[in-house]
Amino acid sequence: MAVGIYVSSLFNNILHTGNIPLVWKTAVVRPVHKKGDMSSITNYRPISNLSSLSKLFERVLLNLLNTLHPDLDGVNQHGFRSKHSTITAALAIQHELSTSLDRKLCVGVYSVDLNAAFDLVDVNVFQQVGERKEINPWLLRTLANFLRDRSAAVHIGKENSGRFKLDVG
């Protein structure tokens, strides 16, 4: 029997109950050398690895969210959307600027680095916004559970830290 049948059954069970296995929410963090002197800790960046099933289930959740709520992310969301990229984001900004300048409006631009912004999501706020946006209740429960009770452990060479709780997901 194909493994896909078991994985599908497991995912359907998780979607039905909203209970995500804790092991899927534990990241293994490893430092990866970026550039420069390998003896300087500032030349490394942390990479968090999750289990393959967790990543696959995350893709299922994203597909469900996009299918059930296609307009949820708004027109200005370019990351993590099919056929959108930094290029489409730049084109949208250029269009808004040129339209405003053509209308003789005063134009100002500011930039904010939201690198890893999703990693700073407060689950309770996420759930409140999801309820206001009328996200399907069972999907919202599963998404919130997916973000709760996250933990990590750092692995460097043969050394391992103990697991520690992450307050944001």
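Biologist: Where is serine 100 found, and what makes that stretch a helix?

Modeller: Serine 100 belongs to helix H3, which covers residues 86–102. A helix here is a DSSP run of H or I with at least four residues, a strand is a run of E with at least two, and both are numbered from the N terminus. Please keep in mind that this is a predicted model: local features need pLDDT of at least 70, side-chain atom pairs count only at pLDDT 80 or more, and totals for chains, interfaces and linings use all residues. Residues are numbered from 1 along each chain as its sequence is written, while side-chain values use heavy atoms, leaving out hydrogens and water.

Biologist: Which atom does the side chain of serine 100 reach, and why is that called a polar contact?

Modeller: The side chain of serine 100 comes to 3.0 Å from the backbone oxygen of glutamate 96. A polar contact is a pair of N or O atoms within 3.5 Å; within protein, one must be able to donate a hydrogen and the other to accept it, and residues adjacent in sequence count only if both atoms are side-chain atoms. The 3.0 Å of this pair is within that limit, so the name applies.

Biologist: And which residues does serine 100 touch beyond four places in sequence?

Modeller: Leu105 and Val107. Contact means heavy atoms within 4.5 Å.

Biologist: Let's turn to leucine 147. Is it buried or exposed, and how do you know?

Modeller: Buried means under 20% relative accessible area, exposed over 50%, and partly exposed in between, with a 1.4 Å probe and protein chains only. Leucine 147 has 6% relative accessibility, so it counts as buried. This leucine is part of helix H5, residues 137–147.

Biologist: What makes you say that H5 as a whole is mostly covered?

Modeller: Of the 11 residues in H5, 8 are buried. Among them are Leu139, Leu143, Phe146 and Leu147. The buried residues of H5 pack against helix H1 (3–17), helix H2 (52–68), H4 and E3.

Biologist: How far is leucine 147 from valine 123 in sequence and in space?

Modeller: They are 24 residues apart in sequence, and their C-alpha atoms lie 6.4 Å apart.

Biologist: Valine 123 belongs to H4. What makes the buried residues of H4 line one face?

Modeller: Helix H4 (residues 123–132) has Val123, Gln127 and Gly130 buried. Looking down the axis of H4, these buried residues fall within an arc of 60 degrees, so they line one face of the helix. The arc is that of the directions from the helix axis to the C-beta atoms. As background, an α-helix has 3.6 residues a turn, so residues three or four places apart point the same way. H5 is included in what covers the buried residues of H4.

Biologist: What caps the N-terminal end of H4?

Modeller: Aspartate 122 does, with a side-chain oxygen 2.9 Å from the backbone nitrogen of asparagine 124.

Biologist: Why do lysine 34 and lysine 104 fall in their accessibility classes?

Modeller: Lysine 104 has 75% relative accessibility, so it counts as exposed. Lysine 34, at 46%, counts as partly exposed. Lysine 104 is placed in the loop between H3 and H4, and its phi is positive, near 65 degrees, in a residue other than glycine. Lysine 34 lies in the loop between E1 and E2. Setting aside neighbours within four places, lysine 34 is in contact with Thr42, Asn43, Tyr44 and Arg45.

Biologist: How do you know which residues line the second largest pocket?

Modeller: On a 1 Å grid over the protein atoms alone, a pocket is an open set of points with protein on both sides within 12 Å along at least five of seven lines, whereas a cavity is a set where a 1.4 Å probe fits but cannot get out; lining residues have an atom within 4 Å of a point. The residues lining this pocket include Val29, Pro31, Ile41, Tyr44, Arg45 and Ile156. Strands E1 (26–33), E2 (44–49) and E3 (150–156) each supply at least two residues of that lining.

Biologist: How much space lies in that pocket?

Modeller: About 150 Å³. The volume is the space filled by probe spheres set on the grid points, which are joined across faces, edges and corners.
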